[in-house]
Amino acid sequence: MTAHSDTNNAGIQIAETGDPEVMRLVRIAEPTAGEGQITVQVAAAGVNFIDTYHRSGLYDLALPLVLGQEGAGAVLRVGAGVSGFEPGDRVGWAGAAGSYAQRVAVNAAAAFKVPDGVALETAAAAGVQGLTAHYLVTDCPPLKPGDRCLVHAGAGGTGRLIVQMAKIRGAEVVATVGSDAKVELARSAGADHVVNYTTTDLVSGVEAAVGADAIDVVYDGVGAAVYEDSLKLLRPRGAMVTFGNASGAVAPQAPLHLMGKSLWLTRPKLWDYLASREELDSRAGEVFGWIADGRLEVRIAARLPLAEAAEAHRLLQGRSLAGKILLIP
């Protein structure tokens with residue numbers, strides 16, 4: 001750990017982009033609750049694919065950078081102009097840069113209260129992924145009873161939540177997974193059909209389950225490896241929702257490639273669907289309500305010390321685990 005004279009706070013920082021080894025546990029500045037902010041003692045930080053994009057340089061960000069976007073913990077201090085939060089409150093957040101740390105400053109607009117019946121680790125695990133799954137099934141486009149959707153990586157952290165929320169909304173769900181071990185995990189989330197794309201051709205496997213041109217919506221966090229096949233499976237006027245790049249970014253294409261079946265294509269991001277305090281509280285309230293009443297299971301696959309952030313990234317990108325990976329400061 002690099003010395004820093006004015007703080008005992010620690011975080012995972014990168015000074016250059018690259019492989020997981022570029023991450024370092026260093027002493028960082030003690031956060032201050034500025035205008036519109038709260039400072040939080042972090043109980044757990046969530047590990048997400050967007051963190052690997054920041055680390056690898058896929059997205060161009062100023063360096064040095066403390067990684068992490070989400071977590072949960074207890075409020076320490078409340079800055080000027082903040083209402084609705086007090087020291088001691090249990091909170092989670094999605095979209096607060098620098099969350100791989102012991103203490104962090106969070107814009108109050110990105111924070112939400114955690115109900116007493118929900119553990120802070122569960123809240124950290126349900127932040128980015130739970131809110132992402134929620135906006136995808138409710139808005140991109142709104143999933144209706146009887147709709148048929150395809151969820152890639154249906155045993156993963158976000159995918160498994162999408163499967164469960166799609167079932168809550170009354171849809172028929174086809175999930176894809178990358179191993180036989182993950183088939184049951186997707187089924188236990190409620191998937192009606194599961195295709196292991198490592199042993200079965202993706203298109204033929206889905207068509208065997210539901211027929212040709214039968215999918216209303218594809219939810220794709222995988223990216224390049226499944227994009228073209230996903231378009232083949234959509235019905236005319238179906239919707240392709242590409243929200244992640246786990247296998248690499250989709251190559252640029254002219255819009256004409258959608259014309260054959262008059263397809264819709266969207267590449268959304270979470271923050272545009274948390275555009276107001278009311279929207280964030282509404283989404284978080286529904287997600288935590290489903291958790292509290294047992295309709296939504298948040299699966300935590302691994303808890304690692306903050307110092308093992310590089311291993312957390314390797315595990316995430318290796319896709320050997322099913323569920324959320326947390327860093328515990």
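1. Leaving aside neighbours within four places in sequence, Gln69 is in contact with Ile50, Asp51, His54, Trp93, Ala94, Gly95, Ala96, Ala97, Ser99 and Trp271. The model under discussion is a predicted one. Gln69 sits in the loop between E4 and strand E5, the latter covering residues 70–78. Its relative accessible area is 12%, so Gln69 counts as buried, the cut-off for that class being under 20%.

2. Helix H3 comprises residues 128–139, twelve in number. From the first C-alpha to the last, H3 reaches 16 Å, which is close to the 16 Å expected at 1.5 Å a residue. The helix is mostly covered, with eleven of its twelve residues buried. Those buried residues are Val128, Gln129, Gly130, Leu131, Thr132, Ala133, His134, Tyr135, Leu136, Val137 and Thr138.

3. How do the axes of H3 and H4 cross, and at what angle? The axes of H3 and helix H4 (residues 157–168) come within 9 Å and cross at roughly 45°. H3 is therefore oblique to H4. The crossing of these two helices, H3 and H4, is right-handed.

4. The contact of H3 with H4 can be described residue by residue. On the H3 side are Gln129, Gly130, Thr132, Ala133, His134, Leu136 and Val137, which meet Gly157, Thr158, Leu161, Ile162, Met165 and Ala166 in H4. By class, the residues of the contact between H3 and H4 comprise seven nonpolar, six polar and no charged. As a general point on helix geometry, an α-helix has 3.6 residues a turn, so residues three or four places apart point the same way.

5. The contact is made by Gly130, Leu131, His134, Tyr135, Thr138 and Asp139 from H3, together with Leu280, Arg283, Ala284, Glu286, Val287 and Trp290 from H8. The contact of H3 with H8 has six nonpolar, three polar and three charged residues.

6. Is Gly130 buried or exposed? With a relative accessible area of 0%, Gly130 is buried. Leaving aside neighbours within four places in sequence, Gly130 is in contact with Leu161, Met165 and Val287. The C-alpha atoms of Gly130 and Leu296 are separated by 9.7 Å, although the two residues are 166 residues apart along the chain.

7. One joins Leu63 and Pro64, with omega at about 0°; Pro64 is placed in the loop between helix H1 (49–56) and strand E4 (65–66). Another joins Cys140 and Pro141, where omega is about -15°. Pro141 belongs to the loop between H3 and strand E9 (148–151). For context, most residues other than glycine have a negative phi, and most peptide bonds are trans.

8. Asp213 has a phi near 50°, a positive value in a residue other than glycine. It is placed in the loop between helix H6 (202–210) and strand E12 (215–220). A relative accessible area of 37% makes Asp213 partly exposed. Leaving aside neighbours within four places in sequence, Asp213 is in contact with Lys232, Leu233, Leu234, Arg235, Pro236 and Lys261. The C-alpha atoms of Asp213 and Asn48 are separated by 32 Å, the two residues being 165 residues apart along the chain.

9. Ser262 likewise has a phi near 50°, a positive value in a residue other than glycine. The loop that holds Ser262 runs between strand E13 (234–242) and strand E14 (264–266). With 48% relative accessibility, Ser262 counts as partly exposed.

Methods
Residues numbered from 1 in each chain as written. Predicted model: local features only at pLDDT ≥ 70, side-chain atom pairs only at ≥ 80, totals over all residues. Heavy atoms only, no water. Helix = DSSP H or I, 4+ residues; strand = E, 2+ residues; numbered from the N terminus. Expected span 1.5 Å × (residues − 1). Buried < 20%, exposed > 50% of the residue type's maximum accessible area, 1.4 Å probe, protein only. Axes fitted to C-alpha atoms, helices over the stretch in contact; angles between N-to-C directions. Parallel < 35°, antiparallel > 145°, perpendicular 65-115°, else oblique. Left-handed = near helix turned anticlockwise from the far one by under 90°. Contact = heavy atoms within 4.5 Å. Nonpolar A, V, L, I, M, F, W, Y, C, P; charged D, E, K, R; others polar.
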